[in-house]
Amino acid sequence: MRITDIQRCEVRPGRLVEWTLSPATVAVATGLPEDSRPPAYIQESHIRTARSVREDGLFVPTWLGTAFDLPGPADLDALQEALRAWTVRHETLRSGFRWAGEELRRFTLDAADVSLRREEAGDFPDADDLVRHLQDRFDTVADALRWPNLIYTAVVRDDGASVYMAFDHSNVDAYSLHRIPAEIHELYAAARAGTEPDSPAPAASYVDFCEIERADADGIDGRHAIVGRWREFIRRCDGTLPGFPVDLGLEPGGPLPRQQMLCEPLVDADGAAAFEAYCRPYGGSQVGLLAATALIVQELGGQSVYRTVVPFHTRVRSRWSDSVGWYVGGAPIEVPVGRAPGFPDALRAVRAELQANRPLSRMPLARVLSLLGSDFRPTSPDLYSIVSYVDARTIPGAERWAEQKAHGLLRVSYGDQVCVWVNRLHEGLWLASRYPDTDVAGKNLRLYVERLRDHIASVAHGSLPAVS
């Protein structure tokens, strides 16, 4: 699935239909007692950050979404049934939070109390007008500081429909988004045929995962080895978490800048396979991507050590593999690049760092930061920059994404960090990035992408020495 924004996901004109949780469902939620299962640390940090930024006078939308086509003619009753069944299947989507003083308390609806309201939003003959309307609606509804914070839409045409779904980040991660097209297609086909879907059982609950993960995290204190390793890493980053180590043209202490998006293919399927084969002795394409990044940013920024936080999923048991939620942690790595090492040397260094530090990603960083007694005050939705890699080819339905025009959607608004996502698809490697909208950042991100493409191509063309 290509990651992009709603401006670049091939939106076409049509008649817009919207679904939100019904007023009856919201009324039931208002009277629900507290669910004792707590928010995940990452959820709580996200919501507190959104509130802090909002109180400082800036609205920073943080929704994620997905887009895909359904074959026509569209059956809106069947689609509504599929959307409701999918929502009920994933407990986090019917669970929310309310403030009790300064504490976040969870509430969770029973499946039987969930219903959707369908509304006709009108005809949109102009694609640009439709894109603006969708973004405004998603900004309003899929907001971290309200509930419900999800919305489903369909743009209906004679030849079928395009589905656009948006969620506040607290309920979904990229892997969750990647699974949605196949699940909705399966439920939609079953609803049209009047049969049961192949996998009707509820998925494992992210709400349960939150309780388990939080209990584990609350069992450590400031003397724990993981906390100590993060403390040393942050000390070497001058008391903060690492940004993207190239000039972004930002003024110190300036307002949170607007962001831009860059998304494009890096290399075709053959090039992606050659890159993977070259990097496999050291752990594969993720290691190769980070090693290449370390060399490139040293060239562009001059630092002798590349420090970053590498995102990893926390679905460490198979029971969570089908679950919608925000299953992401981070591990710190430090890659020495000051003495002009070659690519094989950088591969070895990244492999060693990931092997040593990946276990740190299972402890929520928000818990670690609270134990450090650090005076972090979030001014951006992002605590640090990331370079992420996902091989998405084994996700159910991946072979049909191109045919279905399936996309993962990011909302690009404000932020002072650089986030890079590289997905391996059946068609090759796809890169998406959001970055501060300055001339300097735009130039340096373009240089980064071009040189990353050159590194991958040099492997594919056999111009790098063999790893040993």
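User: Is V155 buried or exposed?
Analyst: Keep in mind that this is a predicted model, where local features need pLDDT of at least 70, side-chain atom pairs count only at pLDDT 80 or more, and totals for chains, interfaces and linings use all residues. Residues are numbered from 1 along each chain as its sequence is written, and side-chain values use heavy atoms, leaving out hydrogens and water. Buried means under 20% relative accessible area, exposed over 50%, and partly exposed in between (1.4 Å probe, protein chains only). V155 has 0% relative accessibility, so V155 is buried.

User: How far apart in space are V155 and E18, C-alpha to C-alpha?
Analyst: In sequence, V155 and E18 are 137 residues apart. In space, C-alpha to C-alpha, the distance is 8.9 Å.

User: Which residue's side chain meets E18 in a salt bridge?
Analyst: A salt bridge is a side-chain nitrogen of Lys or Arg within 4 Å of a carboxyl oxygen of Asp or Glu. For E18, the N to O distance is 3.0 Å, and the partner is R137.

User: Which helix does R137 lie in?
Analyst: Helices (H or I, at least four residues) and strands (E, at least two) are DSSP runs, numbered from the N terminus. The R137 and E18 side chains meet in a salt bridge. E18 sits in strand β2 (residues 14–21), so the pair ties together parts 119 residues apart in sequence, with R137 in helix α4 (residues 127–141).

User: How many salt bridges does a search of the whole structure find?
Analyst: One of them joins D5 and R8, at 2.5 Å, N to O. The search of the whole structure finds 37.
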